[in-house]
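Please open the model in your viewer and keep the selection panel at hand. We will go from one selection to the next.

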Amino acid sequence: MNKDFKDRNIKEGYKFIDIKAPASKPWDKFLQVSKRTFKGELFVGLWIMLREMLKFNIHTVQYPLEKLPISPRYRAIHRLQRLLESAENRCIGCGLCEKICIANCIRIDTKIDKNSRKEVLDYTINFGRCIFCGYCAEVCPELAIVHGKDYEHAGEQRADFATKEDLLTPLDEFKAGKQKEFLGFGSPSKDADKFIKKTPLAY
Amino acid sequence: MSDTGYIIATLIKILVILIIFSAGAGFTTYVERKILAFMQRRLGPMNVGPYGVLQIIADGIKLFTKEDIIPQNAVRAIFIIAPVISATAAFTALSALPILPQFTIFGYTVHPIISDINVGILFIIGVMGAGMYGPLLAGMSSSSKWGLLGAARTVIQLLSFEVATGLSILAPLMIVGSLSLIDINNYQIGGFADWLIWKQPIAFIIFLISGYAETNRTPFDLMEHEAEIVSGYATEYSGMRWGLFFIGEYANMFTISFLVSLIFLGGFNPWGFIPGAIAILIKISFFIFAFLWVRAAWPHVRPDQLMWFCWKVLMPVAVINILITGIVLV
């Protein structure tokens, strides 16, 4: 390849094929046809198809029975995580996700409880509107709202809501240590458990 | 044999052939989907029954229960009768076809041919040609531009390739000296070396190519090519009416496979140690497979290329072939 070539779309290792001008004279046309006829290109095609059939190298994924692995950053149905220490809802009701949501589908209902702390009464996501952009998970300061891996969801209604009860990790599942951490951007590292310390007041 | 016995035997044969070839057409659709899938690194139908075998039944139920739509401006009577013409012609062509060698069952000798007429090949070619009225009337009566284009293509394609078919089999018929398929078959009774393909290789190739064109299969599937004219003559058809066209097409595939095997490849004569019935089934299966194989591998041609190919290549070559055969025979 010419190093001085300015077009950066053409890279090293490109193969250029020699395309001839189409035949215009009758005799050239005749030669072209006979060359193509007796070159046996059609049989090359037949051989390739037969070879592929005999190799039986099938690429089909039989979907409901087999599933392809999904990326750790895949943005499927949201989950609300619990604190590892106290099993409380991680969500502090700051409302950042509600604010940043470009589809306007998150609503948080909060109140000030008797310790004058914010308590999250309900957390709903309208999956009929949600575009799964991932901004809510990215903006969350507490890693409370994350994207799970449950991508097979179908709704009977256009407005398919999820409430706090649906999103929050069930307590028994949490106690069994089955709360799955989101592995994508902003998630805690795999050895995050080692760095968890009890708050000074506890000891 | 008495007349009554003959009539009953013929009716039974008709019934058996109808059932076998309708079922065969259905099963071929399954085989076609599977083989095309394997060639394209897919699996094909897998969910209905083991390895999708019952897919044919599912398709049949779907075809029978689908809504039968007749377009508003269609010519109703012709629209209804057109698919029947197509299927009838395809199955009528099978009636002059010796399917297996004669065999004896319960002490009764069966000739597996409905009607052994002495112009069998002419009859088959003629009836298959008459089947052209199916797509033609369907396309013209359905008041759809795609249908009309499909009908026009049907006429140019089938009419042109009738010429190539007729001229190509003229040379082997000159050698055999008979139009009866039984005679043609018996001519090649001497085994592998007596097959007419060794004497008439060019006629074999031309007849095979014309067969692809007449059954409307892939390099020449112009009359219902989806990418260009939606579905051609069958655009406005749904349900079982469309299914009749489909069965007709597959029955024609069987007819062409039988004709090629009978005329050029020794028919149902024993092939070495293989008995005749098995030999012809092997040949038929190969040609049906070749139909599907070609469909997976080759693109289709343009209508003008098709006409060019038929009138400027196949027909002159066939005529020259006849001339040479005549000179050699004389």
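What pLDDT does chain A average? Colour the chain by pLDDT, the predictor's confidence in each residue, from 0 to 100: chain A averages 81, and 90% of the residues score at least 70. This is a predicted model, in which local features need pLDDT of at least 70, side-chain atom pairs count only at pLDDT 80 or more, and totals for chains, interfaces and linings use all residues.

**Confidence along chain A**

Select residues 96-100 of chain A: this is helix α3, where confidence is highest, at 90. Strand β5 of chain A, residues 161-162, has the lowest, at a mean of 76. Helices (H or I, at least four residues) and strands (E, at least two) are DSSP runs, numbered from the N terminus.

Now pick A:P64, in the loop between α2 (41-55) and β1 (78-80) of chain A. Is A:P64 buried or exposed? A:P64 is exposed, because 7 other C-beta atoms lie within 10 Å; exposed means 12 or fewer, buried 20 or more, and partly exposed in between, with C-beta atoms placed from the backbone. Draw a distance from A:P64 to A:L83: their C-alpha atoms are separated by 34 Å, at 19 residues apart along the chain.

**The sheet of chain A**

Show the strands β2, β3 and β5 of chain A, which form an open antiparallel sheet in the order β2-β3-β5. At the edges are β2 (106-112) and β5, each pairing on one side only. Strands pair if DSSP finds at least two bridges between them, and two bridges join β3 (residues 118-126) to β5 in chain A. Zoom in on A:I125, which stands opposite A:A162 in β5(A).

**Over to chain B**

Select helix α4 of chain B, residues 120-130, where B:G120, B:I121, B:I124, B:I125 and B:M128 are buried. Look down the axis of α4(B): the directions from the axis to the C-beta atoms of its buried residues fall within an arc of 130°, so these residues line one face of the helix. Their packing partners in chain B include α3 (76-93) and α11 (239-264).

Definitions and conventions. Residues numbered from 1 in each chain as written. Chains lettered and ligands numbered in written order. Contact = placed C-beta atoms within 7 Å.
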